[in-house]
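Thanks for coming, everyone. I'll walk through one structure today, from the overall fold down to single residues. Here it is.

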Amino acid sequence: MKDFDWMQLVNPEFYITLELGGVPVGIYVVLFIVFAETGLFAGFFLPGDSLLFLAGIYSTELMTTLIPLEGDFLNVLVLSVLVALSGILGNTFGYWFGYKSGNYLYTRQDSFFFKKKYLIQSHEFFEKHGGRAIIFARFLPIIRTFAPIIAGVVKMDKKKFMFFNILSSFMWAFTLIFAGHYLYELFLKSFGIDLKAHIEIIIIGIVAITTVPLILNAIKGKKVTEQEAIEEALDDDDHDADIFPR
């Protein structure tokens, strides 16, 4: 990796076009990031929506590394399915982790990879939207990382969780990857604009759109204190059944 710059780590295109020893590994990195962002609470800082949108633009290059396929549609379709499956596995792992860890997370100290306020915000998101939160969370950075963990913490019914998990994963993957691929073709053929030459603008635009709801929520919300987090954990058992009625 020549002329490596640490700032590349926040650029989704870096992961998609990554090569190790001259061998393209972008497809494997993309699938791992999707798993990590939705299954490991440390993955909240990883690119998600912008990564999938760009993956749609680079779908042929990504799939050529794994399984050479003929036809744009087939490449986009298979890539979307693989990403959806990675998302399902990530969410399932997150649910299992939350189920096993229980209220321990609410009393854990903040660190670089773990912020208690994100946990509380995700819990409040669940209280407001119920089971549909799994679907909404897929399209919201940070929230989608903690959503399956919260579902496990509050002991959401496994069958209900898997239904929303599978549905949301396919919706998220297919929407963003297909949009990236076909918008790229539309702009190139109709307007002569190569979106690959404007990656920075695309990333900024997607990040701005997906983070606006979080910013507004942060402005309206209050700061979560250590004591409130502990009380949240203690009160959890009293109202979990109300959040996810069977």
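Start with burial. Of the 246 residues in the protein, 47% are buried. Keep in mind that this is a predicted model.

Now the fold. The protein has 12 helices and two strands. Along the sequence the pattern reads α-β-β-α-α-α-α-α-α-α-α-α-α-α. What about contacts between residues at least 6 apart in sequence? Of these, 75% join residues at least 24 apart.

Next, the core. The largest nonpolar core holds 35 residues. Which of them touch the most other members? They are Ile16, Leu52, Ile57, Leu62, Leu79 and Val83.

Setting aside neighbours within four places in sequence, Leu79 is in contact with Ile27, Ala55, Ser59, Leu62, Met63 and Ile177.

Ser59 sits in helix α4, which covers residues 59-66. Is Ser59 buried or exposed? Ser59 counts as buried because its relative accessibility is 0%, and the cut-off for buried is under 20%. What does its side chain reach? The side chain of Ser59 makes a polar contact with the side chain of His181, at 3.2 Å. Beyond four places in sequence, Ser59 touches Asn75, Val76, Leu79 and His181. The list runs Asp49, Ser50, Leu51, Leu52, Phe53, Leu54, Ala55, Gly56 and Ile57. Take Ser50, which is placed in α3. Ser50 is buried because its relative accessible area is 6%, under the 20% cut-off. What does Ser50 touch, leaving out residues up to four places away in sequence? Its contacts are Pro12, Ile203 and Ile206.

Phe174 is partly exposed, with a relative accessible area of 25%. Not counting residues up to four places away, Phe174 touches Leu77, Ser80, Val81 and Ala179. How far is Phe174 from Leu79? They are 95 residues apart in sequence, and 8.9 Å apart in space, C-alpha to C-alpha.

Last stop, empty space. Rolling a probe the size of a water molecule over the atoms shows where such space is left. How many cavities of 30 Å³ or more does a search of the whole structure find? One. The volume of the largest cavity is about 30 Å³. Its lining is made by Asn91, Ile134, Ala137, Arg138, Arg144, Ala147 and Pro148. The elements giving two or more residues to that lining are α8 (133-138) and α9 (143-153). By type, the lining residues divide into four nonpolar, one polar and two charged.

That's the tour. Questions, please.

Definitions and conventions
Residues are numbered from 1 along each chain as its sequence is written. This is a predicted model: local features need pLDDT of at least 70, side-chain atom pairs count only at pLDDT 80 or more; totals for chains, interfaces and linings use all residues. Side-chain values use heavy atoms; hydrogens and water are left out. Helices (H or I, at least four residues) and strands (E, at least two) are DSSP runs, numbered from the N terminus. Buried means under 20% relative accessible area, exposed over 50%, partly exposed in between (1.4 Å probe, protein chains only). A polar contact is a pair of N or O atoms within 3.5 Å; within protein, one must be able to donate a hydrogen and the other to accept it, and residues adjacent in sequence count only if both atoms are side-chain atoms. Contact means heavy atoms within 4.5 Å. On a 1 Å grid over the protein atoms alone, a cavity is a set of points where a 1.4 Å probe fits but cannot get out, and a pocket is an open set with protein on both sides within 12 Å along at least five of seven lines; lining residues have an atom within 4 Å of a point. Grid points are joined across faces, edges and corners, and a volume is the space filled by probe spheres set on the points. Ala, Val, Leu, Ile, Met, Phe, Trp, Tyr, Cys and Pro count as nonpolar, Asp, Glu, Lys and Arg as charged, and the others, Gly among them, as polar. A nonpolar core is a set of buried Ala, Val, Leu, Ile, Met, Phe, Trp, Tyr and Cys residues joined through side-chain atoms within 4.5 Å.
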